Amino acid sequence: MSIHTKTAIEAIKRSPFQAVSAIFVLALTFFVATTVSILVYSSSKALSYFETRPQIISFLKSETGSDAITALQNKLALDARVKDVKYVPKEEALEIYKKATEDNPLLAELVSPSIFPASLEFSVTDLKLAEEVINEIKNEAIVEQVGFTANIGGEKSLSDVVSRLKTISYYLRVGGIVFVGALAITSFLVLLVIISMRMTSRKGEIEILSLIGATPAFIRSPIVLEGVFYSLIGVISGWTLSFIFWLYVSPSLLSYFGSIPVLPKEPLSFFLLFAAILGTEIVIGFTIAITGSLIAVKRSLKKAR
Amino acid sequence: MITFDNVTKSFGSIKALEGISLEVKNGEFVFLTGPSGAGKSTVLKMILREVLPDSGKVLFEGKNVAEITTKEVPFLRQQMGIVFQDFKVLFERTVAENVEVALAVSDVAQDEWEKRVKHVLKLVGLSNRAKLFPSQLSGGELQRVSLARALVINPKLILADEPTGNLDWKTAEGIMDLLEKINKEGKTVIMATHHEGIIKNSKHRVIELKDGRIIEN
């Protein structure tokens, strides 16, 4: 173990309450940061889901022949604004209905395939084009009606859904950044105060070290290391707490949101998402620790001179 | 090794040094003596570049100490071993660790530490005190720790500022014997003291200061 690591560990042991305060504030900051990151991820995933999934369903008139259907399907497939065109025949529509009503088989028995219209489902490459495409498809002779599969909170059109999600996503991002930013500043200031206190308590030692030829880097190394320890422990604690929280709530969330991928369903992707957040937080934590420690050391050494 | 050329230093209206010129050669043992406030410590502080002269030059191995940049100061000090009247040991570290700090500061490879610490503690007679903390040592032993820390980096020059000032006569003699031994090994020693008994018992060069001036060299 290097002399600096040893000195830093001894300093932490000598003032455990200062260490606990710093770690607690940093852990809280990174717990909130991880949680907000996941919320932002979920909202953006939901937004992108509604923006890109095949939401437009054009129900076809019951007497439409297969040639006309194929012609419209090909026309849509060639349209650059349209993607993922899928033909859903009456039988498949009934199957979808049966699946959706499997809790109540009587409902399925009461209907026959003839009452379900065949449909052409597709999505658009850009949501801005949706209304334009919908208006065009409405004018097709074989199209009876056009609808959306997305409908939350009583919104009548796809743009209402997306605009609502965009608002939620925006407030989550802005609110999250402001909250996490305020906590990060608090952590930074707490570190600054604690390191300054440490410098004051080590004043005699610093004077001796300086007289026997210690470089400023030698003097500040254990202090910066101490800040890095606090930060690392704070990041890992905050992240772990948030990870456990999300691990606990994810089954309920995934089941509640159904096909909307608010969280990764694959365990590996779930862990990778959290690993990416941890990596980013470690970098931010180190930056806070190193900057805070260096500023505190610089100020204290300036005063000592 | 050390040259003072017409050096003057004032602290406000107090003249600490006035036109001091002196030279200390390699391997010499020099006493700086004089009453309190004569300027002994200021001379040592100037060699350490803790204090800069108002005028004149202080040369260490031909280099003007005042012209050394702040970044170079640690490297200048690493060439000197310093012994203080108030010991200036680190009370939260053991005797061995206090000595190790000097090695760490001078960037000596860690695998050499044990051998060098053992050797120097044996030299100052503290081999059996290596694991003790300074609070468990006597004044004489603390001064030996300070001396061991100064010697372990194998410096060219030892600066001792009243190293016997806080010690009884017998302990002071022990410290003097050690400094003599170090000097015989070829190191230059500059020792500030107002302990007349020590100066009388020794045959080394004496520079006497009074009110910032040399009155005897």
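These legends accompany several views of chain B in a predicted model.

**View 1. Chain B as a whole.** Let us start with the overall build: chain B contains 7 helices and 10 strands. Along the principal axes, its C-alpha atoms fill a box of roughly 45 × 40 × 30 Å. The radius of gyration of chain B is 17 Å, which agrees with the value near 17 Å for a compact globule of 217 residues.

**View 2. The packing inside chain B.** Of the 217 residues in chain B, 44% are buried. Taking the contacts in chain B between residues at least 6 apart in sequence, 69% join residues at least 24 apart.

**View 3. The side of chain B that touches chain A.** Here 13 residues of chain B are in contact with 11 residues of chain A. Two elements of chain B, α2 (73-77) and α3 (95-105), each give two or more residues to this side. The most come from α3(B), with 4 residues.

**View 4. An open sheet of 4 strands in chain B.** Follow the strands across in the order β2-β1-β4-β5 (chain B), with antiparallel pairing. At the edges stand β2 (14-24) and β5 (63-64) of chain B; each has a single partner strand, so one side of each is left without a neighbour in the sheet.

**View 5. The pairing of β1 and β2 in chain B.** Strand β1 (residues 2-11) of chain B runs antiparallel to β2(B), and the two pair over 7 bridges.

Note on methods:
Residues numbered from 1 in each chain as written. Chains lettered and ligands numbered in written order. Predicted model: local features only at pLDDT ≥ 70, side-chain atom pairs only at ≥ 80, totals over all residues. Rg over C-alpha atoms; globule rule 2.2 N^0.38 Å. Buried ≥ 20, exposed ≤ 12 C-beta atoms within 10 Å, placed from the backbone. Contact = placed C-beta atoms within 7 Å. Pairing = 2+ DSSP bridges.
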